[in-house]
Amino acid sequence: MSSTGVVYDQRHELHKCLWDETFPENPERLFAVCDRLKNRGLFERTTSIECKPATEEQILLCHPSSLLEKLKECRNAPDAEALENACKQFEEIYLTQDSFDCALLAVGGAIEAARAVATGKCRNAFAIIRPPGHHSYEANPNGFCIFNNIAIAAKQMVKEFDLKRVLIVDVDIHAPQGTLRSIADSEQILLISIHNYMGGAIWPFMKETNYDYDGNTINVPLNAPGLSDAEYLAAFQHFIIPIAVEYNPQLILVSAGFDAGLGDPLGGQKVTPPCFGHLTRMLMDVAEGKVCLILEGGYFKASFVESAEMSLRALLGDPLPLLHIHQRLCPTFIESLRCCISHQAKRWKCCATISDLLQQQQTASDSEIASRSLSIFVGQPIFEHFERIIRDHRCSTRNWFPVRPREKEEALTKEIEAISANYKLESEPETPLISLEALLFSQETHQKALIEMMKNIVDHYSRFEQLKNSHILTLLSGDKSKTG
Ligand code: X5A
Ligand code: ZN
């Protein structure tokens, strides 16, 4: 009987920041996940998959050889100072002498896990690897990612097994601009991602991560913070899963970041750990269950450790906790999802059906304010600002993220513990169904949605000191004296 495979390799600890201990992406993340899985007796129920370094030929599926050469040089860096200097050419990247080899191992781990599932050696798998990968593309390691683990693994599977349809689902809270660009030329790969967008006023400040992008990437952009299980379930049940079913993939690779989780310092959303289990389980109904999770982000220990456990339990077919959904969907989210559905209606039958329904209801209820799909992108000046910094090798290498006060950290840990203390386990866990009714149009939610979204955009935009006087912000905040 084939089982659940796990990739875990101690050598991943060799990639760490030598000059700033506060950096959120650290070796401790893997130890913590691994400890938890061991303590709960889960490791021994899985099949260990050996982690081999990827070959240079495999890396070249997504990156130029010039990048390989650059990173290889770091093997011989004389000291930490030289390494830190080298990092000024990359956005949010640190490097050690071992980082290159460690990054090869991460790609190799993703490939081995995907292969185990593709060949049927394992029913499904979880690659617990780092550094993460979904932001890196071409010669641009960035956002803690060196090589694009998942994109390379997907391309390698297409090549090795002549696959026609590989689906990548990205649930990490950050938009996977790296995966999007790395697979843009692959007809056999489709990427669906749900991530923070905030009108483009949030990193990576790219318009192609909005809902109206056309290509082999489908985006669910989030324009409000504080979203939780109800919104993620709705996005899966009424958009992501129907498209996945219609696409009918032969293999599913998941960019399993847990930074949309409750309490994550970078994410700002509130998905509970059991919800990650349910999302995984929903994906297992597609592609005959051939699902391979590949770790990406996740920076709040109490949260991501529990989320990783729940995801592995889903893969193992273990009971999952019941989800308790009481709150109404966030209006701004409803607006986003409706935009997604109506935009994709031209390519996906499932969306056309839902879109027709919503359209009819909307016309019947309100013709005056008929909601036009609004595509907002305010990120261009910020994007260009960072482009200049990268080009001039002026990227900052320290103090990227403020450290959270201990009390705050403890309060959030308690919140997670309170959730896990109330678990009701069910062997056939029903995932609550978010009714389509929740997505129906009303003038009131529509207005609320847009107002909330504008507030969030201004809020995110204002975090960039350097842009205080730029045109769009003054427009949005209504300061007419400066708009000229
Ligand atoms: C893999 C991941 C986060 C990048 C944050 C950029 N990266 N500000 O979660
Ligand atoms: Zn992330």
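This is a predicted model: local features need pLDDT of at least 70, side-chain atom pairs count only at pLDDT 80 or more; totals for chains, interfaces and linings use all residues.
A polar contact is a pair of N or O atoms within 3.5 Å. A polar side-chain atom of Glu92 lies 3.0 Å from a nitrogen atom of the ligand, so the pair falls within the 3.5 Å limit. The side chain of His135 places an N or O atom 3.3 Å from a ligand nitrogen, while His174 has a side-chain N or O atom 3.2 Å from an oxygen atom of the ligand. Taken alone, ligand 1 exposes 310 Å², and the protein buries 94% of that area.

Ligand 1 is surrounded by Glu92, Pro132, His134, His135, Gly143, Phe144, Asp172, His174, Trp203, Asp259, Gly297 and Tyr299. Sorted by class, this shell has 4 nonpolar, 5 polar and 3 charged residues. The space that ligand 1 takes up is the largest pocket.

Glu92 sits in the loop between helix H4 (80–86) and helix H5 (99–118). Is Glu92 buried or exposed? Its relative accessibility is 16%, so Glu92 counts as buried, the cut-off being under 20%.

Met198 is another residue with positive phi, at about 50°, although it is not a glycine. This methionine lies in the loop between S5 and S6. Met198 counts as buried because its relative accessibility is 1%. The loop between strand S5 (189–196) and strand S6 (217–222) also holds Pro204. The peptide bond leading from Trp203 to Pro204 is cis, with omega near 5°.

Pro131 is located in the loop between strand S3 (122–128) and helix H6 (149–161).

H9 spans residues 273–283 and is mostly covered, with 10 of its 11 residues buried. The buried positions are Pro273, Pro274, Cys275, Phe276, Gly277, His278, Leu279, Thr280, Met282 and Leu283. As background, an α-helix has 3.6 residues a turn, so residues three or four places apart point the same way.

Helix H11 (residues 331–344) contains His343. With a relative accessible area of 15%, His343 is buried. The side chain of His343 makes a polar contact of 3.3 Å with the side chain of Lys346.

At 6% relative accessibility, Ile49 counts as buried. The C-alpha atoms of Ile49 and Lys155 are separated by 20 Å, and the two residues are 106 residues apart along the chain.

Notes: Residues are numbered from 1 along each chain as its sequence is written. Chains are lettered from A and ligands numbered from 1 in the order in which they are written. Side-chain values use heavy atoms; hydrogens and water are left out. Buried means under 20% relative accessible area, exposed over 50%, partly exposed in between (1.4 Å probe, protein chains only). Helices (H or I, at least four residues) and strands (E, at least two) are DSSP runs, numbered from the N terminus. A residue is near a molecule or strand if one of its heavy atoms lies within 4 Å of it. A polar contact is a pair of N or O atoms within 3.5 Å; within protein, one must be able to donate a hydrogen and the other to accept it, and residues adjacent in sequence count only if both atoms are side-chain atoms. Accessible areas come from the Shrake-Rupley method with a 1.4 Å probe; for residues, only the protein chains shown count as cover. On a 1 Å grid over the protein atoms alone, a cavity is a set of points where a 1.4 Å probe fits but cannot get out, and a pocket is an open set with protein on both sides within 12 Å along at least five of seven lines; lining residues have an atom within 4 Å of a point. A molecule sits in a cavity or pocket if more than half of its atoms lie within 2 Å of its grid points. Ala, Val, Leu, Ile, Met, Phe, Trp, Tyr, Cys and Pro count as nonpolar, Asp, Glu, Lys and Arg as charged, and the others, Gly among them, as polar.
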